[in-house]
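Let's take a friendly walk through a protein structure. Have a look at the sequence and the 3D view, and then we will visit a few spots together.

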Amino acid sequence: MDNYHMVVALAGNPNVGKSTIFNGITGLKQHTANWPGVTVESASGEFSLDGKVCVLVDLPGTYSLNTHSKEEEVARQYLCSGEADAVVVVCDATCVERGLHLLKQILSLETIKDHGIPLVLCVNLCDEARKKGIEIDFDLLKDVLQIPVVSCCARRSQDLACLKQTILQCEGTSCNYDCLDFSPKHLAAETVYYTRTNYRKREETIDRIVTGRFTGTLIMVLLLLTVFWLTMAGANYPSGLLWDLLFSFEGTLASCLTALGLPDLFIQALVYGVYRVLAWVVSVMLPPMAIFFPLFTLLEDLGYLPRIAFHMDRSFKRCRACGKQCLTMAMGFGCNAAGVIGCRIIDSPRERLIAILTNSLVPCNGRFPTLITLITLFFLAGIQGTFTGSFVAALLLTAVILAGVCATLGCSWMLSHTLLKGVPSAFTLELPPYRRPQIGKVLVRSILDRTLFVLGRAAAVAAPAGLIIWILANTAVNGQSLLLHLTGFFDPLGKLMGLDGVILMAFLLGFPANEIVVPIILMAYLQSGMLVEMTDSAALFTLLTANGWTWKTALCMLVFCLFHWPCSTTCLTIKKETGSLKWTAVAILLPTLLGVTLCIAINTAALCLGIS
Amino acid sequence: MVLPLSQIDLGETAKVVWIASQKAMADRLADLGFIPDEEISCVLKGRKGGMRAYLVRNAVIGLREENINEIFVQTGPSSCSASLDSEK
């Protein structure tokens, strides 16, 4: 990092807003949420001030420098390496004492003392503290600590500018900390005033309700249901609108290409293969995602997830797992690979492994659209598009998610009684204060970062996959197209699982990205010569039923979508995190076996009962 | 009177006397402020057998029942008047 002006590290307790400051200063988009341990790897980004380019390093949060877990080790090692030219210690204005304890530990590090590396104390979340009636005497803090102290609200740009200025002023200075000695407890007692004694009252009341004996579970399920209902009900209308809009271009596109003199076969493949599927992906996937992701991010920012972990811990304890697995599971809803990395917040190696192996049992971003589509197409006969319809859909989706959670608990129990025997170990779970999410930022961030990302990936991977399928369908070997050979090969197993060869092949081809499973199925069916009039979204249903789909197929696919091998990114991450091929294999086999068994069971049961 | 932390009711405040946890957990607890003479109060009691949460150094920390039983605290007026420096 020699070509940079200076290297600045951001250190501090967990969940004090380091990543928010980092994002604010560098303009990068590190994931932030309101629970401790979101950052497990340090991230770095550039910023410039007065023409000088500096590097800012966002370290994982630590309670102290006596390391207990992997992510705290990362922070400690970085601070000891002496790579940073300045360190900004971020602390929460509502928890100044804890920040001062860490500051004292950092000050006593050999590297910091010997090199006289300048420190800046940044008291973040001042607006939250003010609302709670907490006042801080910054002048006294500065006088005692003899280092620059910045009061900050990471959401205000002028505060960030002030912080940047302060950092730059430290440049090149060498500090002497030999005479600096303070008691964090006393200093905090002298500088922090509580003007309201009952400032925690409202939070405590809310906490008691959301973690209550009966209300806890009820609120959890109701919230899930509400989020899904809003998603389903809200997505109906824009979905239809997008569908009409995109398909009105289909004819125009085809005639344009014909006018360009392209071969007919090529136009067929491009328009009726690739474009039709892409249009379908956009119109069916975009609206639900654009509603679901912001809502989920809102819950994340609010600070509700640690309360769920608190409430659910009893169940995880019974499975001899760690309550924090609930948090990594919630990260899995976003992305399983991120969830696997997030497992670093679990200290016990045995429980961490359990959390890693079971992470892909909850559906990620890429699988939600598939689940939503299957539910809307097959389980809402007659009530689609109505108020009841969206409610039933939400109910079903909630059931699917709860099935995923139950499978996580069940598999954790099984693992800790077979492969990973052991007793539950001790851990602490911090419940951060509720914070008002910034609605605007949440909207922009979740739509840009999550929705468009998933959609972009689906489109980017689905287009070449469409081409491959078209080539397969149009290359004949022994008088039969390659596509038929391939799907015929998977057909027996597929049929046994209540699916068919095409679906199974789609899941295999979907290994790099789960988003493309449904598009691949559609393309494969469309290539089989069955051209369906795409007049409205019911055409999809017609296409699928024409290929032998029944509600049983949809149910089995729903189950298999929930429980199958993790995507390639997740597999690589598991390999990296566990450092063992054996455990990666277990992580692949566990959900796959579960899914295959369940599908066969459902299929057999349906056959025996004579329903289909 | 010295009692296990689990005996402290919702809303009550007590002073830590002794931590009997294993070293790793004791260290973690110490980082969070569960050290002798620190005042803590019970702010949240979940389901039976579930976690409970305590306010320590102005942060809310959830603990499991087994670990709560390993923390011994002192209640009563005497615990409030003492003001020992515990930064060791």
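## A loop in chain A

Where in chain A is the place of Gln146(A)? Gln146(A) sits in the loop between α6 (138-145) and β7 (149-151). Keep in mind that what you are viewing is a predicted model.

Most residues other than glycine have a negative phi. Gln146(A) is not a glycine, yet its phi is positive, at about 60°. Gln146(A) is partly exposed because 14 other C-beta atoms lie within 10 Å, and a residue needs 20 or more to be buried.

## A loop in chain B

Now hop over to chain B, where Asn58(B) lies in the loop between β4 (52-56) and β5 (59-63). Asn58(B) is a residue other than glycine with a positive phi, near 70°.

Is Asn58(B) buried or partly exposed? Asn58(B) counts as partly exposed, because it has 19 C-beta neighbours inside 10 Å.

## A covered strand in chain A

Back in chain A, strand β5 (residues 119-124) is mostly covered, with six of its six residues buried. On one side you will find Leu119(A), Leu121(A) and Val123(A), on the other Val120(A), Cys122(A) and Asn124(A), and both faces are covered.

## The strand's partners

Which strands pair with β5(A)? Strand β4 (residues 86-92) of chain A runs parallel to β5(A), joined by six bridges; in one of these pairings, Val87(A) has Leu119(A) as its bridge partner. β7(A) also pairs with β5(A) in the parallel sense, over three bridges, and here Leu121(A) is partnered with Val149(A).

Terms used:
Residues are numbered from 1 along each chain as its sequence is written. Chains are lettered from A and ligands numbered from 1 in the order in which they are written. This is a predicted model: local features need pLDDT of at least 70, side-chain atom pairs count only at pLDDT 80 or more; totals for chains, interfaces and linings use all residues. Helices (H or I, at least four residues) and strands (E, at least two) are DSSP runs, numbered from the N terminus. A residue is buried if 20 or more other C-beta atoms lie within 10 Å of its own, exposed if 12 or fewer, and partly exposed in between; C-beta atoms are placed from the backbone. Two strands pair if DSSP finds at least two bridges between them.
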